[in-house]
Amino acid sequence: MTIDKNFVSGNIEVLDIQGDTVTLANELRDIWEERDWFYWAFRVTGAAGRTVTFQFPHVNRVGYWGAAVSTDLYSWEWTGGRRAWTAEDGTVYEAFSYTFGPEENEVYFCYNMLYTPARFESFCSQHGLKVEELCLSNKGRSVPYARFGSGEKKILLTSRHHACESTGTYVMESVFQSLIENPMEGYEVICVPFVDYDGVVDGDQGKHRLPHDHNRDYPIDGTPSIYNTCAAIRKLTDATPPVIALDLHSPKHHGGINDKVHIPYNLEEETERYNRFSAIFAGKITPDAIPYDPADNIPANTGWNKSTNATCARYMSVKPENELSFVVETPYFGTPDGSVVIDRNTMFAFGQCLVAAVREYEKDM
Ligand SMILES: [Zn+2]
């Protein structure tokens, strides 16, 4: 059995292998304040036919449904059954087990359902869209993005300002798909799926990156961005700012508000707009989608959600042309009672509800 991280978005450190029990840690990398973040992704080869337990000697590393598992980095399922294990010092941590099929020689496991750049390429080719180059990343990689429509007004879709937050990209894909299949007249859609592209490719957590992360790289006083992708997004939108800008994220690990969809409001003076949109959005939620209750939104200037944060959503909000700019946080797992489970179907349905709300809001803008 071999365990490695040598693929797009890989991140793991193998601490120990004893028979069918593997002890692992994630690599935190480039994060301020000793933050205890959770993201990991690894590949197992040569374990066909075996049942292996993977355990982490840190809390908050495994979600409610175990690990996300895939054989192609495209389709993901949950392994099910998060397990507890007790370390020598008596501390209880989290683990999951997996029984490899007789032919399963190469299997990927991830903290959450990963959305890779290859998936976006495949999405674009299915819809006849060309993937274009937004810019070169700080590490010299070609950063992909796509545009659709030829209207004068712009809709901006972004995700992965924080590299590991894949649920946002699934929701973004669903919104983008709807806007391609049923275009909004007069609009061009600009879709930047991987803002921290280096972090996505390298398998970084990305949140609270040093000296600041990508969603703190949009100063409104004219200071240049330090990340090429953020600079490119500013350049792309400064001439014609987006009328509508949706920045799709995932929250923290799980528990409490992190198990629920929520919208952190940017600017206090925009509260009425957010409230109006949220009410429409809640009314569009279908039974097959992730539920949403506006009561879970975070008002501006509450806790970490400060209007002074140099976020992409705020940057777009302050433009006079902008009518709607906000973040949607989509949980990684769902609720522990199992009544809500995040997977590609519930995320797709949720994205369809979100775009339905945007369409209705836009009619009365
Ligand atoms: Zn985020």
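Colleague: What do the buried residues of H1 pack against?

Modeller: In this predicted model, the buried residues of H1 pack against strand S12 (142-148) and helix H3 (197-202). The helix itself spans residues 117-126, and its buried residues are Pro-117, Phe-120 and Cys-124.

Colleague: Why are S11 and S16 said to stand at the edges of their sheet?

Modeller: The sheet is an open one of six strands, ordered S11-S12-S14-S13-S15-S16, with mixed pairing. Strand S11 (132-136) and strand S16 (324-329) each have a single partner strand, so one side of each is left without a neighbour in the sheet. From one strand to the next, the twist averages 20°.

Colleague: What makes S13 and S14 a pair?

Modeller: The requirement is at least two bridges between the strands. S13 (residues 153-159) and S14 (residues 187-192) have six bridges, in the parallel sense, and therefore count as a pair under that requirement. Within the pair, Lys-154 stands opposite Glu-188 in S14.

Colleague: Which helix lies across S13, and at what angle does the helix run to S13?

Modeller: Helix H2 (residues 166-181) does, running at about 155° to S13. H2 also lies across S12, S14, strand S15 (244-249) and S16.

Colleague: Why is Asn-322 called buried?

Modeller: A residue is buried if 20 or more other C-beta atoms lie within 10 Å of its own. Asn-322 has 21 other C-beta atoms within 10 Å, and is therefore buried. The residue is located in the loop between helix H6 (312-317) and S16. Not counting residues up to four places away in sequence, Asn-322 touches Pro-241, Pro-242, Val-243, Ala-245, Met-316 and Ser-317. Asn-322 and Lys-154 are 168 residues apart in sequence, but their C-alpha atoms are 9.5 Å apart in space.

Colleague: Why does Ile-31 count as partly exposed?

Modeller: Partly exposed residues fall between the limits of 12 or fewer for exposed and 20 or more for buried. Ile-31 has 18 C-beta neighbours inside 10 Å, so it counts as partly exposed. Ile-31 lies in the loop between strand S3 (21-25) and strand S4 (41-45). Leaving aside neighbours within four places in sequence, its contacts are Trp-37, Gln-205, His-208, Arg-209 and Leu-210. Val-62 is 31 residues from Ile-31 along the chain, and the C-alpha atoms of the two are separated by 20 Å.

Colleague: Which domains does the domain assignment give, and where are their bounds?

Modeller: The assignment for the protein chain gives domain 1 (2-110) and domain 2 (117-363). Their C-alpha centres lie 28 Å apart.

Colleague: How many residues of domain 1 are in contact with domain 2?

Modeller: There are 22 residues of domain 1 in contact with 20 residues of domain 2. By class, the side of domain 1 that touches domain 2 consists of twelve nonpolar, five polar and five charged residues.

Colleague: What makes S1 and S7 edge strands?

Modeller: Five strands form an open sheet in the order S1-S4-S10-S6-S7, with antiparallel pairing. Strand S1 (2-4) and strand S7 (77-78) each pair on one side only.

Colleague: Why is S10 said to be largely enclosed by the rest of the structure?

Modeller: Four of the five residues of S10 are buried, so the strand is largely enclosed by the rest of the structure. S10 (residues 106-110) pairs with S4 over five antiparallel bridges, and three bridges, also antiparallel, join strand S6 (residues 68-70) to S10. Tyr-108 of S10 has Arg-43 standing opposite, and Ser-70 likewise stands opposite Tyr-108. The bridge partner of Thr-45 in S10 is Glu-106.

Colleague: Which way do S3 and S5 run, parallel or antiparallel?

Modeller: S3 and strand S5 (residues 51-56) run parallel and are joined by three bridges; Val-22 stands opposite Phe-54 in S5. By contrast, the six bridges from S5 to strand S9 (residues 92-99) join strands that run antiparallel, and Gln-55 has Ala-95 as its bridge partner in S9.

Terms used:
Residues numbered from 1 in each chain as written. Predicted model: local features only at pLDDT ≥ 70, side-chain atom pairs only at ≥ 80, totals over all residues. Helix = DSSP H or I, 4+ residues; strand = E, 2+ residues; numbered from the N terminus. Contact = placed C-beta atoms within 7 Å. Axes fitted to C-alpha atoms, helices over the stretch in contact; angles between N-to-C directions. Domains from an automatic or database assignment. Nonpolar A, V, L, I, M, F, W, Y, C, P; charged D, E, K, R; others polar.
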